[in-house]
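Please look over the structure shown below.

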Amino acid sequence: MASMGLLEGRHHPKFMELAVPSSRERNGPLFYFSGRVCGDGSPPRLNASFPPHCSSVRSHVYSGGVRQLVHYHHWNRTGFFIQLRDPKYAEHLRTSRFCFGPMGGGHGQRQIQAVLAGCVPVLISDGVYEAFEPVLDWGRFGVRVAEADIPRLHEILEAISPEEYALKASRLRCAAQHMAFSLTTGALFGESGAFDAFETLLEVLRAKAAHPDVPFERLRQVDPQLDAFLDCRDLDQLDSAAAPEGPGPGAAGAAAGQGSTNGTADVRQGSAGAVQAESGAGSASQGPSRGANAAKGRGRVCSVSPFDEEDPGVEQCRTVVIPTGGFMCAHSPRDLTACLRPWA
């Protein structure tokens, strides 16, 4: 994350104040991509009269042929930065307006990088779901382009109004929380961890268990708790009457502030309370119990961001190494039970 500049991304509240001047504004390329185009790593032929323009058949099918088509039609277009390598990768990821998130040898991860860095992702992969889709609509904070429309990609991006772009960009911070494993790696941009990737997976599964006959694409419409969660809204603001009642996997007692005997639900309770306290909407001491972590007085997860290094009010993460791996633990490296998830 550090090498890609994600620890100094645009989502941190201190970004505008502490970031270097060249990184504060979206004054980089209109469209940015740096990485492999051909599957074997060789450079594509610039004098080819038609795509695919890689040297081997194996290279042609890499990324579903999408990287090759984008390169063929736009590699030298004004405002488009498309290179195999870029020594300023982190800087460009933070300053570009749109970042290409293609498939690679598999699903790909560059769309996740873009979201975490605060760059509006451009998605070109017909028939492929992104993370948490169709429950989470990537079109709200990204730009979907059909593979057939790759030749007119520049027209599509230039047609996006400043107002529409600003709206997409404003939704990126919430989307980034769903893409980050904050409770394991530490906070990147002052987030509490209440809406991180692990919590998002649990919340989607909870909603599906509560509405087993509802297709995934309609879950948000029938489950107010899921709808609020995916928009990173304070879960305690929900009308408790809207939450499902009764025991079993469909119960939403933890999110409704009713307590839970389930350890995982208690973790989510504590995180939700932390968000409320952080946002100024209330404090963890008000209202019903919000779980074991709230009882320990945690305001939010520890930080891995350089923007917080000089802030005495923010706890820095330390890595605890154990025989099976390692994880972040802010409070006591010797006491694994003090960590948010010692079983992770």
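## Burial and aromatic pairs

W138 and F141 are both buried, meaning under 20% relative accessible area with a 1.4 Å probe on protein chains only, where over 50% is exposed and in between is partly exposed. This is a predicted model, in which local features need pLDDT of at least 70 and side-chain atom pairs count only at pLDDT 80 or more, while totals for chains, interfaces and linings use all residues. Residues are numbered from 1 along each chain as its sequence is written, and side-chain values use heavy atoms, without hydrogens and water.

Across the whole structure there are 9 aromatic pairs. The ring centres of W138 and F141 are 5.1 Å apart with planes at 50°, so this pair is tilted. Rings of Phe, Tyr and Trp (its six-membered ring) pair if their centres lie within 6.5 Å; planes under 30 degrees apart are stacked, over 60 edge-to-face, and the rest tilted. One aromatic cluster is formed by F31, F33, F80 and F100.

## Charges over rings

R36 has its charged end over the ring of Y62, 5.8 Å from the centre. K208 lies over the face of F216, 4.8 Å from the ring centre. The criterion is NZ of Lys or CZ of Arg within 6 Å of the ring centre and within 35 degrees of the ring normal.

## Nonpolar core

The largest nonpolar core has 60 residues, and F31, V70, F98 and L157 have the most contacts inside it. Such a core is a set of buried Ala, Val, Leu, Ile, Met, Phe, Trp, Tyr and Cys residues joined through side-chain atoms within 4.5 Å.
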